[in-house]
Amino acid sequence: MAKQQDTKKLFEDLSGAGKSIGVLTSGGDAQGMNAAVRAVVRMGIYVGAKVYFIHEGYQGMVDGGDNIEEASWESVSSMLQVGGTVIGSARCKEFRSHEGRLKAAHQLVLRGITNLCVIGGDGSLTGANLFREEWSGLLEELVRQGLIDAEAAQNNSELHIVGMVGSIDNDFCGTDMTIGTDSALHRIIEVVDAIMTTAQSHQRTFVLEVMGRHCGYLALVSALACGADWVLIPEMPPEDGWEEHMCQKLSENRADKKRLNIIIVAEGAIDCHNKPITTNHIKELVVSCLGFDTRVTILGHVQRGGTPSAFDRILASRMGVEAVLALLEASDSTPACVVSLCGNQAVRLPLMECVQMTQDVQKSMDEKNFEEAVRLRGRSFENNLNTYKLLSYHKADSELPNSSFNVAVLNVGAPAAGMNAAVRSAVRVGIKEGHKMFSVNDGFEGFYKGQIKEITWGDVAGWTGQGGSILGTKRTLPAKHLDKIAEQIRIHNINALLVIGGFEAFECLLQLYEARTSHEDFCIPMCVLPATISNNVPGTDLSIGADTSLNAIVETCDRIKQSASGTKRRVFIIETMGGYCGYLASVGGLAAGADTVYIYEEPFDIRDLQSNVEHLTEKMKTGIQRGLVLRNENSNENFTTDFIYQLYSEEGKGVFDCRKNVLGHMQQGGAPSPFDRTFGTKIAAKAIQWISRKLKESYKNGKVFANTEDTACLLGMRRRTMAFQPVVQLKDETDFAHRIPKEQWWLKLRPLMKILAKYKTSYDVSDSGQLEPVTRVRPKKAD
C-alpha cells in the first residue's frame, strides 16, 4: 500500500492555509453556476482557505462593502438544485475602465484575496485576465495614492485566476461542454416534444427560434435530438437557392406520411451573404410556397431558466473542485487557466489561447470562411454537424449507392431511453450507405423465431423522442438457440449485426463470436452499442440511457428533499437501481447533494454505518435541515434499505426523523434526455460506418467472411475518444459474476462527493488536469 501512496499525488499535500479565494459569477447566467460556486466554497474551506462570495459579478468587486462576504459551509447548502446564480451577476461597465479595476484591486487587497475563481463567458474571462496582467501596476498605483501600504502590496503581490465557463450557448473554444448548455437543451427539448403533439394534431409546420447569437450549438444539437427537418445556424449558412431546397424537403416529408415539420433556427442564423435569416421570413416562405399552416415559437429566456440538469451539476461540481486545485498549484509563472471537460476528462487550458480561438471563430465567419469556423469550434461541434448532415437528407432510392448488403438491428436486455434514437440513426445511415436494413423484434428471442423484417427510412420517423424500446427487447441469450439463429441469418441473408443493449448485449456478442468455430454464419461483422441505465458495460465510460436515469433520480431527490421543507429535520433513505453497479447511486448522489452513498464496489460495515449516522447528526445540529442517503439495490445483502432506515431512525431519535423511498422503475422510463438522444444518434451512425468498412474488407468471392477478433467489437467512450474494442479482449476486464467492469472511472468521483458532504477523505489528484495547450485546427483528413 505504501508504494502505491508514493506514486499518487494526494491533495493533502496541497494546503490552502493562509490563502483567500474570491468566487464570482459574471455575464449571462447559466444553470449549474450555483453548483460550481458550492463546490468552490466547500473545497476551499476543506483545504483550509478562506472563501469569499463576490456578489453581483465585477460590479460587486468594484463596489466592495457587503458585496464581498465570507462564505461558510452552510451558506451554500440547498444551492445545488437552484437555477441561475444565487450570488447574482451583472454586466459591469466600470470594470472595463482602468479606474474601475483600480477600485476592484483595492477591495481585494483590503481582504487579502489573491485568488479568483471567475464563472462566466469569454468576456468575463478576458476581463479577469486583463486584471491579472495589470495587477502589479494597480498595486503600485494604490501605494502611491496612499490607499494601501507597501507591506500590503508585498503580501498580495500575485493574483491567480482560474476560469470556469458558464454559458448556455456552448460558444467557448477548447471545451466540449460549458456549464448550462445541457440544461438549456433540456428546456428546448421539453418545448419541442410538447409542440410536436399539437403540430401532429393539426398537420402544422413549426419554426422555432433558439438562443445563439454567434454560435449554433443549441440549434444544431436540438435539431439532432428531435430529428428536425431543417436547421439554420451561423456556422453553416445555406447556399443560394436554399429556400426552394427546404420547401422541397418539407413537402417530401409530408408525402412520406409525416404529419408535421419542425424547423429550428439559431437567433444568429445568416445566409451566405451574411444577411440575417428570421423566423418570420421562413414562415412566409413556407406559407407562400407550400401553403402549410405554419406557426412561429421563440423560446427566449425559458432556455436560461429552470433547475440545472444532472449533467450540469456534475460538470460544475467537478470543475469547481478542479478550479480550487488549480489555484492551489498556481505560481507566478503559470498563465491564467480555464478548467473544462474534454470527452470525460477534466483538463486545464490556457485561458487566453481559448479566448483567442473563440474570437478567431467569429473572424472566420466574418470572412465567410465557414469550414474553418466549424473546425475551430472543436471536435464535439464538428461531430454533431457531420452526424446531422448524414441523417438529414434522404436522396431518392435511385441516387443511393447499392451495396447489396443486409444489416440487422436489434435491442437486447432491459429497455433504456435513447435506444430508439440509436435504432433510427442506424437505419437511416445504413440506407444512405446503400444497405438493406432489417429490424429484429424482441432481441435474440425474436431472432430465432424469425421476427425479422425490412425497415425503411419512413418507418423510424419520430423515434428519437420515444422512451423504452419500440423494437421490443428481451434478456434471452443466443447460446441455446445458435442453430435456429444461424438458420435465420441464412434465410434473410444477414451480412452484419448491430446489437444495442446492456450487459446482456455484450454477453450475446461474446457467445456469437465464440460460436464462429462451429457456425460459419456468425463470421460476419458484429457491433454492440452499450445501452443500459446501470452503465455497467465494460469498455465504455458511458451508456445510452444512464443520463436519462440520472435526471430522473436527481429530479425525484429534489422533490423528496423539498417535501420536508418547513418540517423539522429529516433524513431520506433512497434506494436506486443498477444491479451491482454503483454508478447511478454515486453519480446521482453527487448531483443531488447526498450525504452518504452505499455501493457494492466500496464495502462497508457496521462501524461505517455508525460513523455516517454520527456525522449526519453533527451536521443536523448546525442548522442543516435535510439529509440524503442513497443506497444501491445490491450494495449489501444484509444491510438492506429497511435495515439502514431503521438504524438511522433509532440513532437519530431526538435530532431527526427518517423516511425511505425505493425509486424503482421510474428510473427506467420517461422520454430520453437530450444527451441520450444525441449520444445514441452519434454512436449508432459511427457503428454503421464501421460495419460498412468491415463489410467491404471481408467481402471475398461473392460472400462476407469475417472471423477475426476485430470484426466483433463494442463501441465505447473511453476518456476522450470513441473506440471500437474486440469483445473478446474485454473479457479480462469484466467481473461476470456481478456483471460489472473490474475498473470503473466514476469511483474517482466518490471522494469528491464525500468532500462536498464534509467528510475528511483522501483524494487522488494525480488524475486532475495538467495545463495543456489548446489543440488548434487539425488538417483535414484525406478521407
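Reply: It begins with the naming of elements: helices and strands are DSSP runs, of at least four and at least two residues respectively, numbered from the N terminus. Please bear in mind throughout that this is a predicted model.

Me: Which polar contacts does the side chain of Thr 711 make?

Reply: A polar contact is a pair of N or O atoms within 3.5 Å. The side chain of Thr 711 is joined to that of Arg 516 by such a contact, at 3.0 Å. The Thr 711 side chain also reaches a backbone atom, the oxygen of Thr 708, at 2.6 Å.

Me: Which residues surround Thr 711, apart from its neighbours in sequence?

Reply: If residues within four places in sequence are left aside, Thr 711 is in contact with Arg 516, Ile 524, Pro 525, Met 526, Trp 690, Lys 694 and Ala 706.

Me: Let us turn to a residue in a helix. Where is Arg 101, and is it buried or exposed?

Reply: Arg 101 is placed in helix H4, which covers residues 98–111. Its relative accessibility is 7%, so Arg 101 counts as buried.

Me: What does the side chain of Arg 101 meet there?

Reply: It makes a polar contact of 2.8 Å with the side chain of Glu 134. Beyond four places in sequence, the contacts of Arg 101 include Glu 94, Phe 95 and Arg 96, as well as Leu 130, Phe 131 and Leu 138.

Me: How does Arg 428 present itself?

Reply: Arg 428 belongs to helix H15 (residues 419–432). With 9% relative accessibility, Arg 428 is also counted as buried. Here the side chain reaches a backbone atom, the oxygen of Trp 457, at 3.1 Å. Not counting residues up to four places away, Arg 428 touches Leu 391, Trp 457, Val 460 and Ala 461.

Me: What can be learned from a distance between C-alpha atoms, as for Gln 511 and Ala 479?

Reply: Such a distance can be set beside the separation along the chain. Gln 511 and Ala 479 are 32 residues apart along the chain, and their C-alpha atoms are separated by 6.2 Å. Gln 511 is in helix H18 (residues 503–514), and outside its sequence neighbours it is in contact with Leu 477, Pro 478 and Ala 479. Its relative accessible area is 21%, so Gln 511 is partly exposed.

Me: How far apart in space are Asp 459 and Asn 115?

Reply: These two residues are 57 Å apart, C-alpha to C-alpha, and 344 residues apart in sequence. Asp 459 is found in the loop between strand S14 (452–454) and strand S15 (473–474). The side chain of Asp 459 reaches the backbone nitrogen of Thr 456 at 2.8 Å. Asp 459 has a relative accessible area of 40%, and is therefore partly exposed.

Me: How is the chain as a whole to be read?

Reply: One may start with its elements, which are 25 helices and 27 strands. For 783 residues, a compact globule would have a radius of gyration near 28 Å; the chain has 27 Å, so the two agree. Buried residues make up 61% of the chain. Among contacts with a separation of 6 or more, 79% are between residues 24 or more positions apart.

Me: What of its surface and its charges?

Reply: The chain exposes about 30300 Å², of which carbon and sulfur atoms supply 48%. There are 85 positive and 94 negative side chains, and the centres of the two sets lie 3 Å apart.

Notes
Residues numbered from 1 in each chain as written. Predicted model: local features only at pLDDT ≥ 70, side-chain atom pairs only at ≥ 80, totals over all residues. Heavy atoms only, no water. Buried < 20%, exposed > 50% of the residue type's maximum accessible area, 1.4 Å probe, protein only. Polar contact = N/O pair within 3.5 Å; in protein donor to acceptor, adjacent residues only side chain to side chain. Contact = heavy atoms within 4.5 Å. Rg over C-alpha atoms; globule rule 2.2 N^0.38 Å. Areas by Shrake-Rupley, 256 points an atom, 1.4 Å probe, with all protein chains shown as cover. Lys, Arg positive; Asp, Glu negative; His and termini not counted. Charge placed at Lys NZ, Arg CZ, Asp CG, Glu CD.
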